[in-house]
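Here is a friendly note to read with the model open beside you. Take the points one at a time and find each residue as you go.

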Amino acid sequence: MSSDMPRYTKRSGLMAGLLLIPFFAALTANMLDRIMYGHTLYGSWLWKSPIIGLWILYLPEAALMLALAGYATYVFRGKSSWLQRLWMSGRPGRLLCRQ
């Protein structure tokens with residue numbers, strides 16, 4: 001299945017995965033801090049710095065938007081896509097309700 005998937009879909013998935021690395025690194029650090037020292041990173045200096053907002057909030061959002069854009073492009077460009085057939089028919093009502 002991955003051999004017939006376009007390159008832009010693979011590339012957007014890889015970039016989204018790379019954007020999620022800091023998020024999972026922060027989760028892992030928080031888990032290890034809780035196991036080893038009995039407290040979380042919520043009270044540490046890292047949580048008070050603005051970089052944590054980038055790691056926890058904005059990079060995962062960017063990854064989600066990138067993955068959704070790649071998937072939406074794949075769906076709309078697909079040769080057997082019902083969305084493309086609906087768009088090309090010129091009369092969407094004809095496919096949606098049968099008379």
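1. Among contacts in the protein between residues at least 6 apart in sequence, what percentage join residues at least 24 apart? The figure is 52%, where a contact means heavy atoms within 4.5 Å.

2. A word on the background before going on. This is a predicted model, in which local features need pLDDT of at least 70 and side-chain atom pairs count only at pLDDT 80 or more, while totals for chains, interfaces and linings use all residues. Residues are numbered from 1 along each chain as its sequence is written, and side-chain values use heavy atoms, with hydrogens and water left out.

3. Now the overall plan. The protein has five helices and zero strands, giving the pattern α-α-α-α-α along the sequence. Helices (H or I, at least four residues) and strands (E, at least two) are DSSP runs, numbered from the N terminus.

4. Next, the surface. Of the 99 residues in the protein, 18% are buried; buried means under 20% relative accessible area, exposed over 50%, and partly exposed in between (1.4 Å probe, protein chains only). The accessible surface comes to about 8100 Å², and carbon and sulfur atoms account for 69% of that. These areas come from the Shrake-Rupley method with a 1.4 Å probe, and for residues only the protein chains shown count as cover.

5. Have a look at helix H1, residues 7–37. Its 31 residues should span 45 Å at 1.5 Å a residue, and this agrees with the end C-alpha atoms, which are 45 Å apart. The expected span is 1.5 Å times one less than the number of residues. H1 also bends by about 30° at Leu20, with Pro22 following within four residues; the bend is the angle between axes fitted to the seven residues ending there and the seven starting there. Just after H1, Gly38 has a positive phi of about 80°.

6. Which helix do the buried residues of H1 pack against? They pack against helix H3 (51–77), and they are Thr9, Ser12, Ala16, Pro22, Ala26 and Asp33. Take Ser12: Ser12 counts as buried because its relative accessible area is 7%. Beyond its neighbours within four places in sequence, Ser12 is in contact with Leu66 and Gly70.

7. Met31 lies in H1 and is partly exposed, since its relative accessible area is 46%. Together with Leu32, Ile35, Met36 and Tyr37, Met31 forms a nonpolar patch on the surface with about 580 Å² of accessible area. Patches are made of residues with over 30% relative accessible area and no salt bridge; like charges are joined within 9 Å, and nonpolar side chains (Val, Leu, Ile, Met, Phe, Trp, Tyr) within 5 Å. A salt bridge is a side-chain nitrogen of Lys or Arg within 4 Å of a carboxyl oxygen of Asp or Glu.

8. Is Leu41 buried or exposed? Leu41 counts as buried because its relative accessibility is 17%. Not counting residues up to four places away in sequence, Leu41 touches Ala26, Ala29, Asn30, Asp33, Leu46 and Trp47. Tyr42 sits in the loop between H1 and H2 and is exposed, with a relative accessible area of 58%. Leaving aside neighbours within four places, Tyr42 is in contact with Trp47 and Lys48.
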